[in-house]
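Thanks for coming. I will go through one structure this morning, starting with a sheet and the helices around it.

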Amino acid sequence: MQHGFFRVASAAPKVTVGNTAANTSNIVSLIGRAHAAGADAVVFPELSITGYTCGELFHNATLLKGAVDGVKEIVLATLSTPDILVVVGAPIVVGHALYNCAVIILNGKVEAVVPKTYIPNYNEFYEKRWFTAAPKNGSGELIELYPGVEVPFVAGGVYNFGGVEIGVEVCEDLWTPIPPSSHMAMNGAEVIFNLSASDDLVGKYSYLANLLRQQSARCFCAYVYASAGFGESSTDLVFDAKLVIADNGNIVGINKRWQGENQLVMGDVDILAIRRDRVHNTSFNDCARREAKELYKKTLPCTLRPVDNWQLLRNIDAHPFVPATDENLKERCEEIIGIQVAGLAQRLDATGCKRLVIGISGGLDSTLALLVATRTFDRLGLDRKGILGVTMPGFGTTDRTRNNAIVLMETLGVDMREISIVAAVNQHFEDIGHDASVHDVTYENCQARERTQLLMDIANQTGAMVLGTGDLSELALGWATYNGDHMSMYGVNAGVPKTLVKHLVRYFATITDNEAERVALLDIVDTPISPELIPAEADGTISQKTEDLVGPYELHDFFIYYTLRCGSTPRRILVLAEKAFEGVYDRATILKWEKVFFRRFFSQQFKRSCMPDGPKIGSVCLSPRGDWRMPSDASSALWLKELEELS
C-alpha cells in the first residue's frame, strides 16, 4: 500500500464451459498480468474454474475433480507470483453437500474457502438445484479440500492482508436486503471482493453499477466486482464480463463491455480515505457496535509489495467540486442554485424582509449572488426592484468590470445605484494620517470597509438586508477584509467554491434569452479575478490579480477538498495534485501554493469563526455552526513542517 492506496484487480478470463484446464490456464495468465502490474489482490468471477453455466454437470464427479485440480494448479502458480491475494470461484464438495465457493489463495496456500450465503432460485436462476447455502454462523471449521490440505470453511469472514482488512461474498449475496458484506464492514472489512456471474438484461447494468456505488458508500469501503464473461453458455443467457471497482461511492475502475478475450481492470482504492470517513462518521461506528455480529477473523501472512516507479492507477479530478460531465452539469447547477434560492427565500420569509442590497463589482461572486437574488424574488413573487444593486467604483475599478456590473443590473431589472468611494476613502486616509501613495493593506482594507459601511447604511435606510457575496474558497483562505466584505446579513455563496462559482455563472449565460446579459456574463467569467483595490494599468486593464497574489483557485479548491473532505496529509495531497494537474503545474509550483494554503487556512480561522449565516451546498462547509469547528489559535506547524520536508 503506497500513499494509502491499495491496488486491486478485477479479472474475467475467457470461459470454456466445463473445460477446467483451459479456464485454469487463463486464470493463471491473468494472475501473472495482475502481479506484474503491482496488484495486491485479484478477484475472478463466480465458478470461474468450471464456468457458471455447467448446469447438471455440477453433480458430475469428473467436473468436480477438475475444479479441485484447477485449484491445485493455481495454488502452485502463485508460488511464482508472491504476495498477491487471489480469489477464484469453484464448486466444492463438503460432506454430502455441494457449495458455490470463493477460494482465497496466497503464496502457494489456500487460506480459506468461502461458500455463497444466498442461493438464487427464481427467474433464470436455479442454483438450489445444484448448490447448498452456506452454513449459519460459521466459525472457520476445517475441511479437507484435497488430500493433505485442510482449510477454514466459512462465510462472512474478515481477513487481515498486509494491514488491510478484506471480505469476500459471492454474487447474489450483494443483491439481498442485508448483504453479508455489510456485516463484514461492521467487523472492519475495508475491501470487499465479489465473485459474480450476472447475465445481461436491459437496464440491469445501470442498476448494478448503482448498487455497487451504494454498497461501497453505505459501508465506507471499496468493492471489487468480477462477473463472468465471454464463453459462458448462451443457451438462454448472455454474459458480458462486468468488471467494476467502486470506492466509497465512486466508480474508479471499469472495463469495456462486450469483449471476447481475457480482461483485467486495475485500480487503486483509497484505504486512508475509507478509514478517515469511518472515524468521521460516528453513525458508522454506532451501527457497528449495535449490529455487528461476531465473524471469523484471520491474519494472512503477507507484506504488501512496494512497486517500483509507482504511478497512481485512478483518475484524480483536478476540479472535484465541478461536475465531471456536461450531462450532469445542468442538473448539478440547478440543484445548487435551488439550494441557494431556498435558503435565501427562507431567510427573507422568516424576517419579513422584502428588500436586498448587494454590492455589484462586475466580478464572479457578486454576479452569482445577484442572479440567485433575482431568482429568489421571482420565486417569492416579489418585484425585482426590491433588489438594490450598488456599484461602488474606487481606485482600481476598470471600465470593463464597471460596465459589466451596470449591464447586468439593467438586464436583470433590479434597482441600481452608483456611488464612488474615492472621495470618502481619501478623507479617511487624511483622518487616519495614511499616505494615499502607499498601496499597502491599509490602503486596500479602507476601501473594502467603506463599501461595506455604505451597503449596511443603505440597508438601514431602505429596510433591506445586505446579501453577502464571498465564496467558500475566499473563506478558506481568509481572502476578505475583516468586518469589510467579510460581513453581511446572509452569505448566499458561502458554500460555493470559486471553481464552481465560475461554472454557475457560465451556466446562467447558457439559459438566458437576453443577449446583452449573456455577453456580460461570459465576459465576467473571462475577467481576471481581482478585488480591484490597486489602481489599474496605464491602459486601463486590471493590475491586481488575485491568483498572482494568493495562488490559482483551482489548486486551492483542490487543497480544500482533500484537506476538509478527505482529511489528507500535505504529502498525500501533493501526490494527488501532481497526478491531477500533470502538464499544468509542476511539483514546485504545487508545493509553493500548498504552503500558502495551509498557512492562510490556519491563520484566518478567526474570520470563519464569526462568518454570517449561509446555505451549505456540498460535502465541504466551513460554517463554525456546522461542519467546521476549529479553534482560531490552532497551529499549522505540523502541516508546514511536512511540506518543508518535501521541498
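Let me begin with an open sheet of five strands, ordered S18-S17-S16-S19-S20 and paired in parallel. Its edge strands are S18, residues 415–418, and S20, residues 490–491, and each of them pairs on one side only. Please keep in mind that this is a predicted model.

Inside that sheet, S16, residues 356–359, runs parallel to S19, residues 465–468, and two bridges join them. Val357 has Val466 of S19 as its bridge partner. Helix H8 lies across S16, S19 and S20, and runs at about 165 degrees to S19. Helix H10 also packs on the sheet, where it touches S17, residues 387–391, and S18. The direction of H10 makes about 155 degrees with that of S18.

Staying with H10, which spans residues 399–412, I want to point out Asn404, which is found in this helix. Is Asn404 buried or exposed? Its relative accessible area is 9%, and the cut-off for buried is under 20%, so Asn404 is buried. Leaving out residues up to four places away in sequence, Asn404 touches Ala520, Asp523, Ile524 and Thr527.

Back to H8, residues 326–351. This helix packs against H9, residues 364–380, at an angle of about 65 degrees, and the axes are 9 Å apart. The crossing of the two is right-handed. On the H8 side the contact residues include Ile337, Val341, Leu344 and Leu348, and on the H9 side they include Leu368, Val372, Phe377 and Leu380. Over the whole contact, eleven residues are nonpolar, two are polar and three are charged.

Next, the cores. In soluble globular proteins, nonpolar side chains tend to be buried together. Here the largest nonpolar core has 85 residues, and Leu370, Leu467 and Phe558 are those with the most contacts inside it. What does Leu467 touch, apart from its neighbours within four places in sequence? Its contacts include Leu344, Leu356, Val357, Ile358 and Ala369, and also Tyr490 and Val492. There is a second, separate core of 38 residues, with Ala112, Leu195, Leu243 and Tyr296 among them.

Now to another sheet. This one is open as well, with seven strands in the order S13-S12-S11-S10-S9-S8-S15, and its pairing is mixed. S13 and S15, residues 297–300, are the edge strands, each pairing on one side only. From one strand to the next, the twist averages 25 degrees. Helix H5, residues 204–218, packs on this sheet and touches S11, S12 and S13; its direction makes about 150 degrees with that of S11.

S12, residues 243–247, and S13, residues 250–254, run antiparallel and are joined by four bridges. Val244 has Ile254 in S13 as its bridge partner. The hairpin of S12 and S13 has two residues between the strands, and Asn248 there takes a positive phi near 55 degrees. S8, residues 158–161, and S9, residues 164–170, also run antiparallel, with four bridges joining them. In that pair, Phe161 stands opposite Val164 of S9.

One last residue. Asp539 is found in the loop between H15, residues 515–526, and H16, residues 546–549. Asp539 has a relative accessibility of 60%, and the cut-off for exposed is over 50%, so it counts as exposed. From Asp539 to Gly162 there are 377 residues in sequence and 63 Å in space, C-alpha to C-alpha.

Conventions: Residues numbered from 1 in each chain as written. Predicted model: local features only at pLDDT ≥ 70, side-chain atom pairs only at ≥ 80, totals over all residues. Heavy atoms only, no water. Pairing = 2+ DSSP bridges. Axes fitted to C-alpha atoms, helices over the stretch in contact; angles between N-to-C directions. Contact = heavy atoms within 4.5 Å. Core = buried A, V, L, I, M, F, W, Y, C linked by side-chain atoms within 4.5 Å. Buried < 20%, exposed > 50% of the residue type's maximum accessible area, 1.4 Å probe, protein only. Left-handed = near helix turned anticlockwise from the far one by under 90°. Nonpolar A, V, L, I, M, F, W, Y, C, P; charged D, E, K, R; others polar.
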